[in-house]
Amino acid sequence: MMNANARAVFGPEGPFQLTTIERRDLKPHDVLIEIKYAGICHSDIHTARGDWGPVQYPLVPGHEIAGIVARVGSGVTKYTVGDRVGVGCMVDSCGECESCRRGEEQYCLNGHTGTYAATDRYGQYTQGGYSSHIVVTEDFVVRIPDGIALDAAAPLLCAGITTYSPLRHWGAAPGKKIAVVGLGGLGHMAVKLAHAMGAEVTVLSQTLKKKEDGLKLGADHYYATNDPETFNRLAGTFDLIVNTVSAKIDLNAYLSLLAVDGTLVNVGAPPEALPVQVFSLIPHRRSFAGSAIGGIRETQEMLEFCAEHHITPEIEVISANRIDEAWERVLASDVRYRFVIDISTMENE
């Protein structure tokens, strides 16, 4: 095994500490990646603080990973040393179930292996990208196009694919009216992607504080949800609503904004239950759905799409000793729009 420098939490309240973790020796199809940048996702915070269930400490979060191939196993055919690569929310799956054979490893019927806070096929507890190196089987590594800088590429591995996948699945295209709930790390990517797909895009945010940003990012319209008139004005409007917020909202109010056969899809994952009245769905044949990340094939497709359309997230690069501060700012919605850790600062105190 090799040692990697990392930042870990040793309990649900943190703080982060500099530590050393072990990475497995390379198996024949493994790739050793020297991590250059790691994005900070709200999921990191939920997981580390036990919002989604108990976890094992110390925990190294991070599933938005961009770096350079440092070494490859004897059987690797997809990558060579020096390649620009990324790793997202998964590092393995069974590879045999119907979902995996279809290229949708995120829905592996036997459960995919998360990049952190999971147990892999070797019995090891996975640790994520707030670290200097990671070892991943080549089938769960993606290639970062030359047109995308590594720091900007990192958030695409979660925020990018989490919004791209439902937009593709529910047919974002010219003639479609799409609303994005929340203009944060996920929401700003949903706006950029839906706009590039040709849809008419509306942002639904609590206030108009970020309206100027939303319009610059590609939104055609921007409404404040703290204004009750918004729900009257937009009733029955949208073909698709992508809810990106990880907090409790009145789903029934948002469902009323859907047109006939419209769908509200949740990609934000609040820890509490969200009640839905069936009569918010039945009269207009509306649907309420959820969507996870995308599979490896779709993630690569998303990266190529972003390179073609010059789409990158809005990022703030920070040093590793500012992770605690960044987490608090994420919880306060005080980031425009994604923090990215410069891993070269990992050893700085």
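Biologist: Why is arginine 49 called partly exposed?

Modeller: This is a predicted model, so the value is computed. Arginine 49 has 25% relative accessibility. Buried means under 20% and exposed means over 50%, with partly exposed in between. Therefore arginine 49 counts as partly exposed.

Biologist: What makes the pair of arginine 49 and glutamate 328 a salt bridge?

Modeller: The N to O distance is 2.9 Å. The cut-off is within 4 Å, so the pair qualifies. Arginine 49 sits in the loop between helix H1 (42-48) and strand E4 (65-72), and glutamate 328 sits in helix H10 (residues 323-331), so the bridge ties together parts 279 residues apart in sequence.

Biologist: Is glutamate 328 buried or partly exposed?

Modeller: Glutamate 328 has a relative accessible area of 44%. That lies between the limits of 20% and 50%. So glutamate 328 is partly exposed.

Biologist: Why does arginine 329 count as buried?

Modeller: Its relative accessibility is 19%.

Biologist: Which residue does arginine 329 form a salt bridge with?

Modeller: Aspartate 334, with the closest N and O atoms 3.2 Å apart. Aspartate 334 has a relative accessible area of 42%, so this residue is partly exposed. Salt bridges with shared partners link Glu316, Arg322, Glu325, Arg329 and Asp334 in one network.

Biologist: How many salt bridges are there in the whole structure?

Modeller: The search finds 19. One of them joins aspartate 120 to arginine 24.

Biologist: How do you know that aspartate 120 and arginine 24 form a salt bridge?

Modeller: Their closest N and O atoms are 3.7 Å apart. The limit is 4 Å, so the pair counts. Aspartate 120 is buried, and arginine 24 is buried too.

Biologist: What does the bridge between aspartate 120 and arginine 24 tie together?

Modeller: Aspartate 120 is in the loop between strand E7 (113-114) and strand E8 (133-137), and arginine 24 is in the loop between strand E2 (16-23) and strand E3 (30-39), so parts 96 residues apart in sequence are tied together.

Biologist: Now the sheet. In what order do the 6 strands run?

Modeller: The order is E12-E11-E10-E13-E14-E15, in an open sheet with parallel pairing.

Biologist: What makes E12 and E15 edge strands?

Modeller: Each pairs on one side only.

Biologist: How do you know that E14 and E15 pair?

Modeller: There are 4 bridges between them. Pairing needs at least two, so E14 and E15 qualify. In E15, phenylalanine 288 is the bridge partner of leucine 264.

Notes: Residues are numbered from 1 along each chain as its sequence is written. This is a predicted model: local features need pLDDT of at least 70, side-chain atom pairs count only at pLDDT 80 or more; totals for chains, interfaces and linings use all residues. Side-chain values use heavy atoms; hydrogens and water are left out. A salt bridge is a side-chain nitrogen of Lys or Arg within 4 Å of a carboxyl oxygen of Asp or Glu. Buried means under 20% relative accessible area, exposed over 50%, partly exposed in between (1.4 Å probe, protein chains only).
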